Amino acid sequence: MTIQRMDNVLIVVDDLDAVIAFFVELGMEWEGTMPVEGGWADRVIGLDGARQDVAMLRTPDGHSRLELTRFHTPKALASEPAHAPVNTLGLRRIMFAVDDLQDTLARLRTHGAELLGEVGQFEDSYLLCYVRGPEGLIVGLAEQLGGQAG
């Protein structure tokens, strides 16, 4: 038996509206936000008395999704410094293919994104950079060069 696909990645956040706005600016499509709570949810996630707001966003191609969750109860825990460096153990960044890296970077800066290093070119293939977005999230941006399809 093999998996069918990766369905989504969960990111737990405090400022749900700011993080939604950041990813919408990046080009993701907001599917909606809803409260999630109750016995079935507690049993699935293994937390008693969980009350959360869940927002779903999808990439324009419809193949990838982000689940953003703000916990009201129990309060979310910080497991590392808010601005952990990219070499910290665990899930560290999400990479997105973009059609115009400089334009995307400029738009994300209006939502507080900061370039971690610099925009670099990998061989003749890609322009790449990492930005730190709201709540310390690291997002990679990659623009394929030479008009090649992704």
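I began with Gln52, which, leaving out residues up to four places away in sequence, touches Met34, Pro35, Val36, Ile45, Thr69, Arg70, Phe71 and His72 (contact means heavy atoms within 4.5 Å). I noted that the model is predicted, that local features need pLDDT of at least 70 and side-chain atom pairs pLDDT 80 or more, while totals for chains, interfaces and linings use all residues. Residues are numbered from 1 along each chain as its sequence is written, and side-chain values use heavy atoms, with hydrogens and water left out.

I placed Gln52 in strand S3, residues 51-58 (strands are DSSP runs of E with at least two residues, helices runs of H or I with at least four, numbered from the N terminus). Its relative accessible area is 5%, so Gln52 is buried (buried is under 20%, exposed over 50%, partly exposed in between, with a 1.4 Å probe and protein chains only).

I then turned to Thr110, which sits in the loop between helix H3 (101-109) and strand S6 (114-115). Thr110 counts as exposed because its relative accessibility is 63%. I found that its side chain reaches the backbone oxygen of Arg107 at 2.5 Å. From the C-alpha atom of Thr110 to that of Asp17, 93 residues apart along the chain, I read a separation of 15 Å.

Key. Polar contact = N/O pair within 3.5 Å; in protein donor to acceptor, adjacent residues only side chain to side chain.
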